[in-house]
Structures are given as C-alpha cells and as structure tokens.
Amino acid sequence: MAGLPRSKSIWHRLSHNEAAPGIVLMVCAAVALVLANSPLAESWHGIFYHTLPWTPVAKLDNLHLWINDALMAIFFFVVGLEIKREILDGELSSASRRRLPVIAAVAGMAVPALIYLAIVGDDPSLHRGWAIPSATDIAFAIGVLALAGKGLPPSLRLFLLTVAIVDDLGAVMVIAFFYTSGLDMMWLGVAAAVFLALVAVNRMGISVLAPYIIGAIVLWYAVLHSGIHATIAGVLAALTVPLALNHRHDSPLLRLEHALVSPNGFIIVPLFGLANAGVALGSIDGGPLALPIAIALGLVAGKQIGILGSIILAEKLGIAKRPEGATLRQLWGLSLLCGIGFTMSLFIAGLAFPESPLLVEEAKLGILGGSIIAALAGMFLLKGSAKAAT
C-alpha cells in the first residue's frame with residue numbers, strides 16, 4: 001500500500017506533462033516501423049488485418065478497422081469538444097482573437113496542397129492525396145514544443161494550439177466533403193434523425209451525460225453504414241454536448257473532455273500509430289516517388305511558407321498582430337512544427353487510397369519523413385531562440 005500514492009503521483013505527473021503524449025506516439029511509431037521491417041512483420045500485420053472470429057459490428061471484421069473506424073471516432077469526438085469549447089469560450093470566440101490563427105491555418109492547409117499537386121503533376125491516380133500534407137498533429141507538435149525547453153513566450157503555445165484546432169476543423173470538413181462516396185440514403189436519414197434528437201436533448205437543457213453518450217454511439221453506427229466516414233459522427237455528436245456552466249462551474253462538455261483527454265492521448269492515438277505507422281520499406285519498390293516527395297515537401301516547405309508567410313503578410317497589412325512576445329525565429333520554428341502531420345495525415349492517406357496498399361505505404365513514407373524533418377528543424381530553431389532569450 002505504501003507504493004500506491006507514489007504510483008498515483010507518477011500517473012498524475014505523466015498525464016499532466018504536455019510532452020508525454022507526443023513521446024508515447026513517437027515510441028509507438030518507431031515500434032511499428034521496426035516491426036514492419038523485421039522477421040515478425042507477417043505476424044505483426046496479421047494482428048491488425050486477420051479476420052476476427054467474432055465481431056459485434058459486421059463492417060468491422062478486423063482490429064485495424066476497429067481502431068480506424070471506432071476508436072478514432074472517439075479521437076474525433078474529443079477534437080469536436082475542443083473545437084466547440086474554443087469557438088464558444090476560447091481563443092476562437094471573438095473575431096479579433098481568431099483572425100490570425102484562422103488565416104494561418106487556412107494558408108497552412110492550402111499551400112501544402114498546392115505544392116503536392118504541383119509535384120504529382122498529371123498523374124490522376126495521385127490527385128486524391130492532396131489533403132495528406134495539409135494536416136497537423138496536435139499531440140506531436142505540442143510534445144516537441146514542450147521538449148524545446150523553457151524561455152519561449154506562452155503566447156506561442158496558445159497560438160500553436162489554436163492553429164492546430166482550426167486545422168483539425170478543416171481536416172474534418174475535407175474528410176466529410178472529399179472522402180465520402182456511395183451514400184446510403186436510408187442510413188443517412190437515420191443519422192440525421194439521431195443528430196436532430198441530440199440537438200433537441202441539448203435544447204431541453206439536459207445535462208446528464210447518458211443521453212449524449214448513447215446518442216453518440218447510435219449516431220456512429222448509423223454514419224458507419226451511411227457512406228460518410230464513421231469518424232465524422234464523433235465531431236457531430238460532440239457539437240451537441242452542452243458547454244453551459246452550472247452553479248458548480250461544470251458542464252457536460254468539460255466533464256467529457258476531461259475524462260477523455262488522457263485515454264485519447266495515451267491509448268487511442270498510440271494504438272492508431274501502432275496500427276498505421278509501420279512502413280514495410282521493401283514493399284514500396286517500384287512505387288511512384290513523386291508521392292512521398294510531394295507529401296514530405298508539402299509538410300516541411302508548404303507549412304512554413306503558408307503559416308509564416310501569412311503571419312508576416314497579415315502583420316504588414318495591419319490585419320492582425322503576431323503572438324505577443326514571439327520573435328520571427330520562434331514563429332518560423334512554430335510553422336515547422338505545424339508540418340508534423342502524422343496522425344491526421346496517416347488517417348487521410350488511408351481514405352485517399354483505399355484500394356491501393358502500395359500508395360498508402362508510399363504516403364506513409366512521405367508522412368514519416370516529412371514529419372521527422374519538420375520536428376527536428378522546428379525544435380532546433382525553437383531551442384536556439386529559447387537559449388537566446390534566457
């Protein structure tokens with residue numbers, strides 16, 4: 001019993017360490033990459049792709065589908081909670097506060113997509129991957145920022161979080177509008193009815209969590225069968241959860257977000273990394289080199305040009321001011337950290353090339369390469385600027 005308080009203390013410190021989820025994700029990605037290129041590769045692949053002997057949902061007949069279509073719906077549910085909180089009562093709640101992050105995030109998505117399309121050229125089989133380098137991994141980026149050391153202005157972390165949240169919102173819209181096919185109108189109607197029922201529960205002022213949780217599960221099941229990717233249900237359900245504070249300064253949204261943040265960062269996202277980050281390097285011989293190059297350059301160069309360029313331009317035109325106390329070098333480092341695509345980029349890659357495992361493997365190579373370069377270069381710039389400030 002003497003060790004119990006100590007173990008609790010260790011978990012408390014771990015769960016409140018901003019770098020920890022990013023580090024866990026990095027370790028899982030490294031493990032997946034090593035195992036995918038080891039003698040255990042076939043067994044490792046089989047863990048995720050062999051048909052399950054029994055499944056409660058027929059469409060999810062292997063572990064990989066359960067992670068990508070079910071657990072990742074919880075990931076997107078947390079993203080939806082964060083987006084709603086920020087829009088109603090956070091850094092996106094007023095025009096003056098959201099102006100620069102929105103401009104930077106939009107430019108940071110558009111420029112990588114344009115670079116990607118310019119590099120892949122006239123190959124129509126690769127055009128669906130245009131959104132892969134547009135994404136930013138919040139956990140990874142915040143983790144690297146935390147590792148960059150002290151001496152950085154607090155406004156820098158806040159700006160990175162806000163840009164990443166807007167980026168996530170953009171990614172959700174991209175998935176909903178560009179990676180949806182073969183709609184089943186009956187299931188779409190069921191999903192719409194469930195969503196409207198959740199909105200009605202919200203409007204009635206019900207603060208008990210059970211209706212929202214049950215409704216979210218039913219909505220996920222309906223969306224899963226509708227032709228829209230199931231993870232969109234997570235965002236839609238999150239938007240119906242009330243944020244209004246009660247007399248205890250608590251709300252259903254805050255309770256759910258608090259309860260899910262640690263499982264999301266330490267279980268769901270690492271499992272996604274284990275299931276998706278492994279690239280069998282020997283299996284990509286003969287694949288189009290333009291794909292990984294386009295993704296890597298989109299992440300590394302596109303994010304820099306889009307985000308840093310839009311910040312400088314907005315400041316020169318008097319549209320918005322840069323984050324308080326941030327130097328140009330620090331903003332450059334931050335724009336590089338936004339080039340860490342990883343989780344969302346891997347997710348979009350699977351949606352972009354569902355019928356071509358070779359292209360997905362090629363895309364993974366570009367995502368991992370670009371994300372590593374962006375992380376190391378961003379940390380170098382930020383560490384140097386932090387030392388100069390101390």
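Setting aside residues up to four places away in sequence, Ser-155 touches Pro-323 and Glu-324, where contact means heavy atoms within 4.5 Å. This is a predicted model, in which local features need pLDDT of at least 70 and side-chain atom pairs count only at pLDDT 80 or more, while totals for chains, interfaces and linings use all residues. Residues are numbered from 1 along each chain as its sequence is written, and side-chain values use heavy atoms, with hydrogens and water left out. The secondary structure of the protein amounts to 15 helices and zero strands, with helices (H or I, at least four residues) and strands (E, at least two) taken as DSSP runs numbered from the N terminus.

**Overall form**

- The radius of gyration of the protein, taken over C-alpha atoms, is 21 Å, which agrees with the value near 21 Å for a compact globule of 390 residues; the globule rule is 2.2 Å times the number of residues to the power 0.38.
- Along its principal axes, the C-alpha trace spans about 60 × 55 × 55 Å.

**Surface, burial and charge**

- Of the 390 residues, 49% count as buried, which is to say under 20% relative accessible area, with exposed being over 50% and partly exposed in between (1.4 Å probe, protein chains only).
- The accessible surface comes to about 18,000 Å², and 70% of that area belongs to carbon and sulfur atoms; the areas come from the Shrake-Rupley method with a 1.4 Å probe, and for residues only the protein chains shown count as cover.
- There are 23 positive and 22 negative side chains, and the centres of the two sets lie 14 Å apart; Lys and Arg count as positive and Asp and Glu as negative, with His and the chain ends not counted, and each charge is placed at NZ of Lys, CZ of Arg, CG of Asp or CD of Glu.

**Ser-155 and Thr-55**

- Ser-155 is placed in helix α7 (residues 154–178), and its side chain reaches the backbone oxygen of Glu-324 at 2.5 Å.
- Thr-55 is found in the loop between α3 (41–49) and α4 (63–89), and, apart from its neighbours within four places in sequence, Thr-55 is in contact with Leu-60, Asp-61 and Trp-66.
- The side chain of Thr-55 makes a polar contact with the side chain of Trp-66 at 3.2 Å; such a contact is a pair of N or O atoms within 3.5 Å, where within protein one must be able to donate a hydrogen and the other to accept it, and residues adjacent in sequence count only if both atoms are side-chain atoms.
- A polar atom of the Thr-55 side chain also lies 2.7 Å from the backbone oxygen of Leu-60.

**Buried sites**

- In α3, the buried residues are Trp-44, Gly-46 and Phe-48, and what covers them includes α2 (19–36), α4 and α11 (252–276).
- Tyr-179, in the loop between α7 and α8 (185–203), is buried with a relative accessible area of 9%.
- The side chain of Tyr-179 reaches the backbone oxygen of Arg-128 at 2.4 Å, and, not counting residues up to four places away in sequence, Tyr-179 touches several residues, including Trp-130, Val-174, Ile-348 and Leu-351.
- Phe-342 lies in helix α14 (residues 342–352) and is buried, with a relative accessible area of 2%; although not a glycine, Phe-342 has a positive phi of about 35 degrees.
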